[in-house]
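Thanks for coming, everyone. Let me put the structure up on the screen, and then we can walk through it together.

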Amino acid sequence: MFKRLKEDIETVFERDPAARSVIEVILCYPGLHAIWLHRIAHWLWNHNFKLLARLISHFSRWFTGIEIHPGAKIGRRFFIDHGMGVVIGETAEIGDDVTIYHQVTLGGTSTKKGKRHPTIGNNVVIGAGAKILGPVKIGDNCKIGANSVVIKDVPPNSTVVGIPGKVVKRNGIKPTKVDLEHGKLPDPVMESLKQMLDIIHDLELEVKSLRKELKK
């Protein structure tokens with residue numbers, strides 16, 4: 001147990017340059033508190049102490065501003081940065097080395113029982129305000145841009161931005177460490193506008209050339 005707690009604290013130092021001391025991390029990181037409380041709630045949930053599990057989850061929501069259903073399955077070295085407004089649903093599954101930022105929702109799109117929340121692979125970064133909805137699968141090593149809305153499966157090693165989310169980059173290269181640069185993502189709208197401007201520029205050149213030919 002203590003080895004796992006030590007790993008959690010080391011994860012904070014690895015991904016947050018603002019962390020200064022172990023005591024500060026233990027006392028002042030709501031994302032860490034939410035993860036620790038979730039582990040207790042998840043154990044109780046799996047051992048059929050459903051009400052007590054929900055009560056601990058409810059307390060965690062009040063204490064940290066982070067709502068994680070006790071039924072959610074979460075892997076190792078999970079890091080929630082800032083955390084306020086994060087929602088993780090009952091049937092969500094999260095792999096190892098995942099980082100999420102504030103206002104992220106891993107939500108459901110159905111009132112039916114059974115799998116209705118996302119499955120997140122390993123080494124995934126989910127930017128602030130992103131929404132991943134329904135029983136979709138996010139592959140390993142993906143980056144989900146801030147405020148994106150993802151409603152379809154995402155293949156491994158992909159970058160997704162926009163509403164609805166679109167894959168704008170897929171290089172097939174597995175990163176050697178967690179890449180937190182979720183703010184430096186391609187802008188598909190801007191790229192489309194640039195392409196249109198290039199086409200207009202080429203057409204203008206052709207029109208000028210035709211005018212010169214006609215004047216001869």
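The protein has 5 helices and 15 strands; both are DSSP runs numbered from the N terminus, with helices being H or I of at least four residues and strands being E of at least two. Please keep in mind that this is a predicted model, where local features need pLDDT of at least 70, side-chain atom pairs count only at pLDDT 80 or more, and totals for chains, interfaces and linings use all residues. Residues are numbered from 1 along each chain as its sequence is written, and side-chain values use heavy atoms, with hydrogens and water left out.

Let's start with the sheet. It is open and mixed in its pairing, with 6 strands in the order S3-S6-S9-S12-S14-S15; strands pair if DSSP finds at least two bridges between them. S3 (79-80) and S15 (166-170) are at the edges with a single partner strand each, so one side of each has no neighbour in the sheet. S15 pairs with S14 (residues 158-161) in the antiparallel sense, over 4 bridges, and there Val161 stands opposite Lys166.

Now, the inside. Of the 216 residues, 42% are buried, meaning under 20% relative accessible area with a 1.4 Å probe, protein chains only. The largest nonpolar core has 27 residues, and Ile88, Ile120 and Ile138 are among those with the most contacts inside it. Such a core is a set of buried Ala, Val, Leu, Ile, Met, Phe, Trp, Tyr and Cys residues joined through side-chain atoms within 4.5 Å. Apart from that core lies another, of 7 residues, including Val12 and Tyr29.

Technical notes:
Buried means under 20% relative accessible area, exposed over 50%, partly exposed in between (1.4 Å probe, protein chains only).
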